[in-house]
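Biologist: Could you pick one part of this model and take me through it closely? I'd like to know what sits there, and then how the rest of the chain looks around it.

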Amino acid sequence: MRNAMLTLKTTLKTATSGTLGSVLKPTLFAVLMWAASAAGAVPIPGTPVPITLQTFVVMLAALMLPWKQAGAAMLMYLAAGAVGLPVFAGGASTMALVGPSAGFLIGFLPAAVVTSLLKGEARTDSLKHGALTAARYLFACVAGCIVLDYLLGFIVQSAITGVALPIVAVASMGFIAGDAVKAVVASAVVAGLAKLK
């Protein structure tokens with residue numbers, strides 16, 4: 001995992017500097033969002049929304065990119081689905097943006113922006129600063145990519161399906177537990193990569 005992340009960081013740094021980079025970096029993460037949904041979706045009983053690695057990619061984009069680029073990546077991804085490209089889980093496109101998972105999908109945009117804004121600057125000149133950076137990244141991921149995205153997802157899913165908000169929330173606990181693990185991994189990996197600058 002660390003080698004893959006280091007390769008991604010090196011690719012981002014060397015091949016996408018300057019103005020071109022401000023377009024290529026978000027495009028790369030938009031493609032990674034599609035790949036994360038195309039890799040397979042795991043259904044959870046009691047909810048129409050499947051598990052994918054998309055929230056992990058949202059976290060990585062938010063932690064590795066400035067907020068405008070992280071937001072642009074999510075906007076590109078959502079726009080691709082809106083125009084009919086099969087980029088959402090299960091090969092879905094436009095209709096997913098009006099279905100039970102719409103709030104989660106649309107929530108990726110504010111989640112990426114908020115997480116990126118909350119992450120602060122990495123300080124890795126000591127083990128203590130590296131640990132503080134990882135903790136700050138974890139807080140940012142939890143606040144933006146879990147709390148905010150799930151809040152939007154729960155509200156929209158409840159409105160569309162007619163199922164009470166608390167029931168939607170309880171049915172989604174498996175997602176939250178999985179995303180908490182993703183947040184820990186993303187925070188630790190990106191904070192560790194910051195030391196390699």
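Modeller: Let's go in at helix 6, where tyrosine 150 and phenylalanine 154 sit four residues apart, so about one helical turn separates them. A helix here is a DSSP run of H or I with at least four residues, a strand is a run of E with at least two, and both are numbered from the N terminus.

Before we go on, keep in mind that this is a predicted model: local features need pLDDT of at least 70, side-chain atom pairs count only at pLDDT 80 or more, and totals for chains, interfaces and linings use all residues. Residues are numbered from 1 along each chain as its sequence is written, and side-chain values use heavy atoms, with hydrogens and water left out.

Back to our two residues. Tyrosine 150 and phenylalanine 154 are both buried, a word kept for under 20% relative accessible area; exposed is over 50%, and partly exposed is in between (1.4 Å probe, protein chains only). Together with Phe104, Tyr150 and Phe154 make up one aromatic cluster.

What makes an aromatic pair? Rings of Phe, Tyr and Trp (its six-membered ring) pair if their centres lie within 6.5 Å; planes under 30 degrees apart are called stacked, over 60 edge-to-face, and the rest tilted. By that rule, the count is four aromatic pairs. One of them joins tyrosine 77 and phenylalanine 88, edge-to-face, at 5.2 Å centre to centre with 85 degrees between the planes. That pair links distant parts of the chain: tyrosine 77 is in helix 4 (residues 67–82), and phenylalanine 88, eleven residues apart from it, is in the loop between helix 4 and helix 5 (102–118). Tyrosine 77 has a relative accessible area of 1%, so it is buried, and phenylalanine 88 is buried too, at 2%. In our own spot, the ring centres of tyrosine 150 and phenylalanine 154 are 5.6 Å apart and their planes are at 65 degrees, so this pair is edge-to-face.

Now look at leucine 151, which has its place in helix 6 (residues 127–161). With a relative accessible area of 46%, leucine 151 is partly exposed. Leu151, Ile155 and Leu165 form a nonpolar patch on the surface, with about 250 Å² of accessible area together. Patches are built from residues with over 30% relative accessible area and no salt bridge, joining like charges within 9 Å and nonpolar side chains (Val, Leu, Ile, Met, Phe, Trp, Tyr) within 5 Å. The areas come from the Shrake-Rupley method with a 1.4 Å probe, and for residues only the protein chains shown count as cover.

As for the record, the unreviewed UniProt entry places "transmembrane region" at residues 51–67, 74–92, 98–118, 138–160 and 166–194. UniProt positions follow the numbering used here, feature names are shortened, and annotations may be inferred rather than shown by experiment. In the model, residues 138–160 are 100% helix and 0% strand, with end C-alpha atoms 31 Å apart. Residues 74–92 come out at 47% helix and 0% strand, and their end C-alpha atoms lie 16 Å apart.

Moving on to charge, the whole structure has one salt bridge, meaning a side-chain nitrogen of Lys or Arg within 4 Å of a carboxyl oxygen of Asp or Glu. The partners are lysine 182 and aspartate 179, with their closest N and O atoms 3.0 Å apart. Aspartate 179 is found in helix 8 (residues 173–194). Lysine 182 and aspartate 179 are three residues apart in helix 8, so about one helical turn lies between them. Both lysine 182 and aspartate 179 are buried, the aspartate at 3% relative accessibility.

Zooming out, the chain has eight helices and zero strands, and 43% of its 197 residues are buried. Helix 3 (residues 54–64) is mostly covered, with eleven of its eleven residues buried. Valine 57 has its place there and counts as buried at 8% relative accessibility. Its C-alpha is 9.9 Å from that of methionine 74, 17 residues apart in sequence.
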